[in-house]
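Reader: I would like to learn how to read the features of a model such as this one, beginning with a single side chain and ending with the sheet and its rings. Could we look at it together?

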Amino acid sequence: MERVLKLASQRAVVIFSVSSCCMCHTIKTLFCDLGVNPAIYELDQDPKGKEMERALVRLLGRNPPVPAVFIGGQLVGPTDKVMSLHLGGNLIPLLREAGAIWL
């Protein structure tokens with residue numbers, strides 16, 4: 001858990017992902033299209049990925065726990081939460097506040 005929270009606080013936007021997950025790809029594409037340069041941690045390619053995945057399951061209360069998005073060090077959640085923020089017009093202000101974009 002400590003590793004996940006430390007990594008999540010080191011950049012404005014952090015995405016924990018699995019390289020073969022289509023929803024992870026969608027979220028990564030969304031942030032890149034918005035001009036964000038997120039830190040992306042591919043759990044299936046990290047030696048401590050399984051440990052981080054278990055921590056994310058505990059944080060999110062769901063399995064699989066990816067994609068897991070942190071903005072400004074705070075857990076935003078998986079795809080449905082991010083898309084709800086985006087469609088509601090709240091994602092871009094949150095990204096500005098975190099210093100992830102300067103539009």
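Reader: With the side chain of which residue does the side chain of K28 make a polar contact at 3.3 Å?

Author: A word on the basis comes before the reply: this is a predicted model, in which local features need pLDDT of at least 70 and side-chain atom pairs count only at pLDDT 80 or more, while totals for chains, interfaces and linings use all residues. Residues are numbered from 1 along each chain as its sequence is written, and side-chain values use heavy atoms, with hydrogens and water left out. A polar contact is a pair of N or O atoms within 3.5 Å; within protein, one must be able to donate a hydrogen and the other to accept it, and residues adjacent in sequence count only if both atoms are side-chain atoms. Here the partner at 3.3 Å is S17, and the side chain of K28 also makes a polar contact with that of E42, at 2.7 Å.

Reader: Is K28 buried or exposed?

Author: Buried means under 20% relative accessible area, exposed over 50%, and partly exposed in between, with a 1.4 Å probe and protein chains only. K28 counts as buried because its relative accessibility is 14%. The residue sits in helix α2, residues 22–33, where helices (H or I, at least four residues) and strands (E, at least two) are DSSP runs numbered from the N terminus. Leaving aside residues up to four places away in sequence, K28 touches I15, S17, I40 and E42, with contact meaning heavy atoms within 4.5 Å.

Reader: How should I read the sheet, and what is the order of its strands?

Author: Strands of a sheet pair through backbone hydrogen bonds, either parallel or antiparallel. Two strands pair if DSSP finds at least two bridges between them. In this model an open sheet of 4 strands has the order β2-β1-β3-β4, with mixed pairing. β2 (39–42) and β4 stand at the edges with a single partner strand each, so one side of each is left without a neighbour in the sheet. Strand β1 (residues 13–17) runs parallel to β2 and is joined to it by 4 bridges, and S17 has E42 as its bridge partner in β2. Helix α2 packs on the sheet, touching β1, β2 and β3, and its direction makes about 160° with that of β1; axes are lines fitted to C-alpha atoms, for helices over the stretch in contact, and angles run from 0 to 180 degrees between N-to-C directions.

Reader: How many bridges join β3 to β4?

Author: Strand β3 (residues 68–71) and strand β4 (residues 74–77) run antiparallel and are joined by 3 bridges. F70 stands opposite L75 in β4, and in the hairpin, with 2 residues between the strands, G72 takes a positive phi near 60°.

Reader: How many aromatic pairs does the structure hold, and how are they described?

Author: A pair of aromatic rings is described by the distance of the centres and the angle of the planes. Rings of Phe, Tyr and Trp (its six-membered ring) pair if their centres lie within 6.5 Å; planes under 30 degrees apart count as stacked, over 60 as edge-to-face and the rest as tilted. The structure holds 2 such pairs. F16 and Y41 are stacked, at 5.5 Å centre to centre with 25° between the planes. F16 and F70 are edge-to-face, at 5.8 Å centre to centre with 80° between the planes. F16 lies in strand β1 and F70 in strand β3, so this pair ties together parts that are 54 residues apart in sequence. Both F16 and F70 are buried, and F16, Y41 and F70 form one aromatic cluster.
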